[in-house]
Amino acid sequence: MPSLVVSADHVEKTITAFTRLDQRGDKKAMNKLAQRLQKEQPFLLQHAAAVRTEHGDAVGEAAVFYATLVWAMFDRAQDGTLPRLTQQNLADADRVVTEALSTVAGLAEKPVHERVSPELVKTQPHIYAKLAELLGEDVKEKAMTEETASTIIKPTEVVIEAFDAAMAGRRPGERQGTVVANEKVGRNEPCPCGSGKKYKKCHGEAA
């Protein structure tokens, strides 16, 4: 399955929608969005919120905001509901991002918004370009400290990699919604829920 490259148009429309919400101070719409994210992507939220435990509320909120933004970009580009990321999806993505960043020469000396892997940027160029732009602006305008930006950029890259891998089928997440098998599924065949597990090790266990 080919990777779904989120277009520049979908990225810009997501930013416009978030900006409008922020400018209007539409708490009802923001709460609705947060509730939907909690329902559809609980592990994504846990991943982002984990930053808060180690670095405090301000950094944690920034990590959650950027993770939400990435989710919204993929969500806008996708027909239907995105796969639900699991803890395994995110752990695997963290390993991929860590390995990719380790090959970038002089990473620590680069401006924060440039601390990315060129190889990973190729997977979602428009999302990465917007991430660099937003982080660069936030630091320049002192909406965020450089230390905060340097803390949240990797967790945000992990979210991008996890969704990209799930959409491409490299490391599928969980298909959301009820699993309905129109025909008998073999016990050793992939589970129709999209988890990537054999049916007997997934929904077949309860069947």
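**Figure 1. Glutamate 99 and arginine 95 form a salt bridge in the predicted model.** The closest N and O atoms of the two side chains are 4.0 Å apart; a salt bridge is a side-chain nitrogen of Lys or Arg within 4 Å of a carboxyl oxygen of Asp or Glu. Because glutamate 99 and arginine 95 lie 4 residues apart in helix α5, about one helical turn separates them. Helices (H or I, at least four residues) and strands (E, at least two) are DSSP runs, numbered from the N terminus. Glutamate 99 is partly exposed, at 45% relative accessibility, and arginine 95 is also partly exposed, with a relative accessible area of 41%. Here buried means under 20% relative accessible area, exposed over 50%, and partly exposed in between (1.4 Å probe, protein chains only).

Figure 2. The buried residues of α5 are Asn89, Leu90, Asp92, Ala93, Val96, Val97, Ala100 and Leu101. Among the elements covering the buried residues of α5 are α3 (42–55), α6 (118–121) and α8 (146–168). The 16 residues of α5 should span 22 Å at 1.5 Å a residue, and the end C-alpha atoms are 22 Å apart, which agrees. The expected span is 1.5 Å times one less than the number of residues.

**Figure 3. Arginine 171 and glutamate 161 meet in a salt bridge.** The N to O distance between their side chains is 2.7 Å. The pair links distant parts of the chain, with arginine 171 in the segment after α8 and glutamate 161 in helix α8, 10 residues apart. Salt bridges that share partners join Glu161, Asp164, Arg170 and Arg171 into one network. Arginine 171 is buried, with a relative accessible area of 16%, and glutamate 161 is buried at 4%. The whole structure contains 13 salt bridges.

**Figure 4. Valine 70 and aspartate 75 are residues of helix α4.** Valine 70 counts as buried, at 5% relative accessibility. Apart from neighbours within four places in sequence, valine 70 is in contact (heavy atoms within 4.5 Å) with Thr156, Val159, Ile160 and Phe163. Valine 70 and lysine 130 are 60 residues apart in sequence and 9.9 Å apart in space, C-alpha to C-alpha. Aspartate 75 is likewise buried, at 17% relative accessibility. With neighbours within four places again left aside, aspartate 75 is in contact with Arg36 and Leu82.

Figure 5. The chain averages a pLDDT of 86, and 86% of the residues score at least 70; pLDDT is the predictor's confidence in each residue, from 0 to 100.

**Notes to the figures.** Residues are numbered from 1 along each chain as its sequence is written, and side-chain values use heavy atoms, with hydrogens and water left out. In this predicted model, local features need pLDDT of at least 70 and side-chain atom pairs count only at pLDDT 80 or more, whereas totals for chains, interfaces and linings use all residues.
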